[in-house]
Structures are given as C-alpha cells and as structure tokens.
Amino acid sequence: MLIRSAQLQDLNACLALDANSQTDHVWQMDAREDEGRVIRFHTVRLPRVMRVAYPRVRDDLLDCWEEGASVLVAVEPRPADLSTTEEGEGEAQALVLGYCQLDAQPWQEAGWISHLIVGRPFRRRGVGTVLLKAAKAWAYQLELK
C-alpha cells in the first residue's frame with residue numbers, strides 16, 4: 001500500500017468508494033448525579049444490523065481539490081500491462097483503497113479532516129490508520145495542530 005497525493009484520475013475512483021457503513025452495536029450514554037456529574041459510555045448490541053449512511057456530501061471533492069485542498073489516497077499499484085499511455089508504453093494503474101481530504105486553516109493553526117473513507121472491501125486492514133498517520137505528518141509539515 002502506498003499513500004500519496006491524489007491525482008486527477010484518482011478522484012472518480014475516490015467518489016466510487018462506498019462510504020456507507022453498518023453496525024450491530026451502538027454507544028449508549030449513562031449520565032448520573034453521584035457527588036458530581038458522572039457520564040459513562042458503553043456499547044449495546046442492536047437486535048439487527050443497522051445501515052448508516054455517510055453523513056457528509058462528497059460531490060464537491062473535485063472542486064475542493066482544484067481549490068487546493070489536500071487529498072491523500074491509499075493505493076495498491078496494479079501491473080503495468082493493464083493500461084498503456086498514448087505513446088504505447090505500459091503505465092502502472094493504481095487501485096484506490098481509500099482517501100482522506102485535508103483542509104489547512106493556518107490562521108487557526110489547525111488542519112481538518114473533511115473526509116476519511118475506506119472502500120468496503122479494504123476495511124479492517126489498516127488503511128484508515130495509515131491515512132490518519134499520513135494526515136498527521138501532513139499537519140506537522142505545515143506546522144498545524
């Protein structure tokens with residue numbers, strides 16, 4: 001797996017990733033007043049699997065990328081024989097596993113992760129963790145917090 005800045009040809013693959021999820025557990029909050037306020041969270045198993053739609057709109061990814069937002073992609077290189085350039089030479093294509101859109105706000109010394117999406121077949125394989133570590137390195141490079 002390789003993490004790199006997104007290229008124009010990566011953006012369609014990013015938008016094609018299934019960002020929705022499903023779960024059979026939820027967090028339950030328990031708030032009590034015992035000598036001060038105590039709040040506890042614990043997981044509760046649901047009676048059936050719940051589908052969760054991705055809560056944000058991703059259609060502006062191209063616009064954000066053109067305006068200078070950083071988009072990191074996790075890719076798995078493919079063999080060079082899957083495509084050719086106009087000159088007829090083999091060009092390696094990359095399978096996009098996931099992406100992370102980053103927005104710098106230097107006036108606040110902050111960086112924001114707008115989107116972190118890993119395609120369904122590639123989840124639970126460390127792709128999201130690697131993208132987060134790359135986002136952290138990006139923020140340190142820009143002296144963001």
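**View 1. A110 and its contacts.** Leaving out residues up to four places away in sequence, A110 touches D103, A104, Q105, L144 and K145; contact here means heavy atoms within 4.5 Å. A110 sits in strand 6, where strands are DSSP runs of E with at least two residues, helices are runs of H or I with at least four, and both are numbered from the N terminus. With 12% relative accessibility, A110 counts as buried. Throughout these legends, buried means under 20% relative accessible area, exposed over 50%, and partly exposed in between (1.4 Å probe, protein chains only). Although 34 residues separate A110 from L144 along the chain, their C-alpha atoms are 4.9 Å apart. The model is predicted, so local features need pLDDT of at least 70 and side-chain atom pairs count only at pLDDT 80 or more, while totals for chains, interfaces and linings use all residues. Residues are numbered from 1 along each chain as its sequence is written, and side-chain values use heavy atoms, with hydrogens and water left out.

**View 2. The whole chain, for orientation.** Of the 145 residues, 27% count as buried. The accessible surface is about 10400 Å², and 51% of it belongs to carbon and sulfur atoms; such areas come from the Shrake-Rupley method with a 1.4 Å probe, and for residues only the protein chains shown count as cover. Take the contacts between residues at least 6 apart in sequence: 60% of them join residues at least 24 apart.

**View 3. Q101 in strand 5.** Q101 is found in strand 5 and, at 2% relative accessibility, counts as buried. What surrounds Q101 here? Neighbours within four places in sequence aside, Q101 is in contact with L61, C64, A69, S70, V71, W112, I113, S114 and H115.

View 4. An α-helix has 3.6 residues a turn, so residues three or four places apart point the same way.

**View 5. Helix 3 and its packing.** Helix 3 (residues 127-141) has 15 residues and reaches 21 Å from its first C-alpha to its last, close to the 21 Å expected at 1.5 Å a residue; the expected span is 1.5 Å times one less than the number of residues. Buried in helix 3 are V127, G128, L131, A135, W138 and A139. These residues lie on the same side of helix 3, because their arc around the axis is only 110 degrees. They pack against strand 1, strand 4, strand 5 and strand 6 (110-118). The opposite face, turned away from the buried side, carries the exposed residues K133, Y140 and Q141. After helix 3 comes E143, with a positive phi near 60 degrees.

**View 6. Salt bridges.** The whole structure holds five salt bridges, each being a side-chain nitrogen of Lys or Arg within 4 Å of a carboxyl oxygen of Asp or Glu. One joins the side chains of D10 and R4 (2.5 Å, N to O), and both residues are buried. Another pairs D18 with R120, with the closest N and O atoms 3.1 Å apart. D18 lies in the loop between helix 1 and strand 2 and R120 in the loop between strand 6 and helix 3, so this pair ties together parts that are 102 residues apart in sequence. D18 is partly exposed, at a relative accessible area of 31%, and R120 is partly exposed too, at 36%. In a further bridge, the side chains of E33 and R37 meet (3.9 Å, N to O); both E33 and R37 are exposed.

View 7. Which strands supply the nonpolar patch? Strand 2 (21-33) and strand 3 (37-52) each give at least two residues. W27 has its place in strand 2 and is exposed, with a relative accessible area of 62%.

How values were computed
The arc is that of the directions from the helix axis to the C-beta atoms.
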